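Here is a briefing on one chain. It covers strands, helices, confidence and domains.

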Amino acid sequence: MMKSVTSTPVARPDEVRRHNRTTLLRLLHVSGPSTRATLATELGLNRSTIKTLVDGLAEAGVVEERVPRPGRGAGRPSLLVLPQPQAAVVLAVDLQVEHVAIALVGFGGQILGRNSWNLRGRMREADEVITHVIESTTMLAGDLGVQPIAAGVSVPGVVRRVDGHVHEAPNLRWTDVSLGERLGGVLRVPVLVGNDAELGAIAEHLRGAARGSSDAVYVSADVGVGGGIIADGSSLRGGAGYVGEIGHMAVRPGGRPCYCGSRGCWETEVGEAALCRALDLPEDTPRGAILFELRALGGDPQAAGERLSEFAEWLTVGLVNVVNLLGPQLVVLGDLLTALPDSVVGSVADEVRRRSLVSRAVGGTQIVSSALGADVKLLGAAEAAFEMILDTV
């Protein structure tokens, strides 16, 4: 009796071309201008294949080839392949507790235009936010003469990735808001809504401090505390997209009550209110005044260590738990944590490496501040949008 032979599916030429084209687009989008020779090396493709791909993209207006600025080297310079920002434009929305920022971002990551506004009173209500985002986007797109083909939205809450349903955003007092569906229905583009810390992690991984790191955790401390996780080069999302609520690790049994119903959550010890207490400021102190105090401490390491000692201890306790649990090569501190004096961040990093078994095992987890500043979640939202449409450009 003859044995059956199972044939291995062979990719069709058009599928291979489409895959190569999308891979090339992603590389140009994230890494920026490059020569054909470099593209061939990075992608492992021969030069004739790269030529065919680049010629097709140039004809479609997606890329442009240009002679670089004159250098000192002899010989004819290689042409640079440059992404054309207006070939694909997405909407990025960064929804925070106190304000909203939007931007139209072009292929290659260039911000073409932006707008922002503060949230107070009724302006925090979901209906008001959605209406204002749509109106502001329409005005900005009209001024720039472009139209977004996808949208990414960063939200400080628990978000269902598949449809952009905001299960809960407690600091905004939102519950069960169909944000993705409502925005997509009016804007008529695909919309991806993500947790703010997750999108911050994606931005840092692609364009910031975690670039080149395959395992990293982004810790975002604002009014609340959240985490975004990059594992083996990809964003870790958990069941239905719910993951990264590291601010609700119970680190201080019997500690301060948290809105989640527990006590002693990490964010009650390292969130904005905790930082105000450490600085002897009222808990409703404006953000600018908090940053001013932290900058003033930056020039006096001894005073910084004394005033922020308890805050730094609780930051260390939480980070040790994060490192022991997830084993990242790198931890990136975001939002208010980026304003901590370097001396404080350095001492926290040393303590985490000393106390964490996993950190010692991997040769010492690095702890650094975000490289992208206030735009980190806006850029993360843009990358989420591009992820949906780059293969269609």
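Strands β8, β9 and β10 make an open, antiparallel sheet of three in the order β8-β9-β10. β8 (158–160) and β10 (174–178) are the edge strands, each pairing on one side only. From one strand to the next, the twist averages 10°, with axes taken as lines fitted to C-alpha atoms, for helices over the stretch in contact, and angles running from 0 to 180 degrees between N-to-C directions. The model is predicted: local features need pLDDT of at least 70, side-chain atom pairs count only at pLDDT 80 or more, and totals for chains, interfaces and linings use all residues. Residues are numbered from 1 along each chain as its sequence is written, and side-chain values use heavy atoms, with hydrogens and water left out.

- β9 (residues 165–169) and β10 run antiparallel, joined by four bridges; two strands count as paired if DSSP finds at least two bridges between them.
- H165 has S178 in β10 as its bridge partner.
- Helix α5 (residues 179–187) lies across β9 and β10, at about 40° to β10.
- Helices (H or I, at least four residues) and strands (E, at least two) are DSSP runs, numbered from the N terminus.

**Sheet β1-β3-β2**
- Another open sheet has three strands in the order β1-β3-β2, with antiparallel pairing.
- β1 (34–35) and β2 (63–66) stand at the edges with a single partner strand each, so one side of each has no neighbour in the sheet.
- β1 and β3 (residues 80–83) run antiparallel and are joined by two bridges.
- S34 has V81 in β3 as its bridge partner.
- Helix α3 (residues 47–59) lies across β2 and β3 and runs at about 110° to β2.

- Seven of the seven residues of β4 (residues 89–95) are buried, meaning under 20% relative accessible area, where exposed is over 50% and partly exposed is in between (1.4 Å probe, protein chains only).
- In a regular strand the side chains alternate between the two faces of the sheet.
- Both faces of β4 are covered: V89, L91, V93 and L95 are buried on one side, and V90, A92 and D94 on the other.
- β4 pairs with β5 (residues 99–106) in the antiparallel sense over seven bridges.
- V93 has I102 in β5 as its bridge partner.
- Three residues form the hairpin that joins β4 to β5.
- β4 and β7 (residues 151–155) run parallel, joined by four bridges.
- G152 in β7 stands opposite A92.

**Confidence**
- Mean pLDDT (the predictor's confidence in each residue, from 0 to 100) is 91 for the chain, and 94% of the residues score at least 70.
- Among the elements of the chain, β4 has the highest mean pLDDT (98) and helix α13 (residues 357–361) the lowest (86).

**Domains**
- The chain is divided into domain 1 (14–64), domain 2 (89–198 + 377–388) and domain 3 (209–371); the bounds come from an automatic or database domain assignment.
- The centres of domain 1 and domain 2, taken over C-alpha atoms, are separated by 30 Å.
- Six residues from domain 1 and seven residues from domain 2 make the contact, defined as heavy atoms within 4.5 Å.
- Domain 1 and domain 2 bury about 490 Å² between them, 54% of it on carbon and sulfur atoms; buried area is the accessible area (1.4 Å probe) that two parts lose on being put together, summed over both.
- R26, H29 and V62 supply 85% of the area that domain 1 buries against domain 2, more than any other three residues.
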